[in-house]
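Student: I have a model open and some terms to sort out. Can we go through them one by one?

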Amino acid sequence: MNARKSELNFARPPVDEVVLSVLFLSLDGLLAPHLGQIWQEFKEDGFVSIEEQSPVSPVVEEFPSRIHEPQLRVHRVPDLARMWFIHEDRSQILQVQRDRFTFNWRKIDLNQQYPGFSFICDKFEDFYNRFCRIIKDMKIGEVTPLQYELTYIDQLKQGDGWDRLDEIGEIYNMFVDSQQSESFWLGAESLILSTSFTLEDLHGRLHLTIRNRVKMPEESQTLQTDFTMRGFPENADYTMIDWFKAAREQIREKFVSLFTENIQTQIWGRK
């Protein structure tokens with residue numbers, strides 16, 4: 001497996017978006033003026049624009065073996081908007097709400113190069129540590145993590161190895177025995193498939209979703225594959241970054257097993 005991992009290098013990687021997020025105990029003392037102070041901290045990094053979004057509801061992975069589940073409190077304070085701090089290059093977003101801190105890297109141009117996980121993870125670690133320090137300095141509490149979350153969104157546009165959904169056996173290994181003619185998929189016009197995997201080493205769960213959609217603004221058909229890993233280490237010595245790196249390796253392994261060799265080599269240029 002190690003040799004296989006080392007070979008996972010693509011000339012044209014399909015990564016459309018990577019999201020790293022920390023869910024923590026709600027900071028009920030976090031108010032709109034504090035969000036302005038937080039934005040001032042990150043403006044110097046190029047996050048020059050802001051947008052208000054609705055808060056994301058928490059989803060916590062639960063396991064029968066867990067003795068003490070983290071408890072999400074019912075809040076008695078009014079909802080506070082989730083703020084997007086948007087980088088001047090539009091490809092980076094910081095998201096802040098009372099119980100969550102998130103960093104997105106997204107591909108906004110067809111010719112944009114994926115910077116790699118190490119670059120994105122290092123950025124996230126720096127931004128998150130600074131956010132925690134700001135919260136402490138404002139004396140509104142401390143950030144107490146409950147769960148980590150890593151998401152990869154991959155795109156395979158129509159014309160890259162497929163034109164119709166009944167060619168799905170040419171894309172995903174799980175359907176490789178499906179015949180292009182007289183198959184179950186003949187005439188299919190939409191697809192959505194979801195599954196999940198428990199990963200005890202990370203005390204988490206990996207969610208996989210495959211769907212066809214129209215990607216904007218190009219308005220082109222695409223097959224979108226989402227990998228989302230959620231969990232939290234039971235070992236106190238297992239750092240946040242250790243968890244994210246291990247989660248990324250689990251996603252890599254599933255990715256390699258999921259797509260056919262032809263898609264990986266001919267379309268994405270696996271080296």
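This is a predicted model: local features need pLDDT of at least 70, side-chain atom pairs count only at pLDDT 80 or more; totals for chains, interfaces and linings use all residues.

Student: Which hand does the crossing of α2 and α3 have?

Tutor: The crossing is right-handed.

Student: How do you know which residues of α2 and α3 meet?

Tutor: Contact means heavy atoms within 4.5 Å. From α2 come Ile 38, Glu 41 and Phe 42. From α3 come Phe 127, Arg 130, Phe 131, Arg 133, Ile 134 and Ile 135.

Student: What classes do the residues of this contact divide into?

Tutor: There are 6 nonpolar and 3 charged residues, and no polar ones. Ile and Phe count as nonpolar, while Glu and Arg count as charged.

Student: Now the pockets. What lines the largest pocket?

Tutor: Its lining has 27 residues. Pro 13, Lys 107, Leu 110, Gln 155 and Lys 157 lie nearest the centre. β1 (15–24), β6 (145–157) and β9 (220–231) each supply at least two lining residues. By class, the lining has 12 nonpolar, 7 polar and 8 charged residues. The space is about 630 Å³.

Student: How much space lies in the second largest pocket?

Tutor: About 370 Å³. The second largest pocket is lined by 17 residues. Among them, Val 19, Val 56, Arg 100, Glu 149 and Thr 151 lie nearest its centre. The lining divides into 4 nonpolar, 8 polar and 5 charged residues.

Terms used:
Residues are numbered from 1 along each chain as its sequence is written. Side-chain values use heavy atoms; hydrogens and water are left out. A crossing is left-handed if the near helix is turned anticlockwise from the far one by less than a right angle, and right-handed if clockwise. Helices (H or I, at least four residues) and strands (E, at least two) are DSSP runs, numbered from the N terminus. On a 1 Å grid over the protein atoms alone, a cavity is a set of points where a 1.4 Å probe fits but cannot get out, and a pocket is an open set with protein on both sides within 12 Å along at least five of seven lines; lining residues have an atom within 4 Å of a point. Grid points are joined across faces, edges and corners, and a volume is the space filled by probe spheres set on the points.
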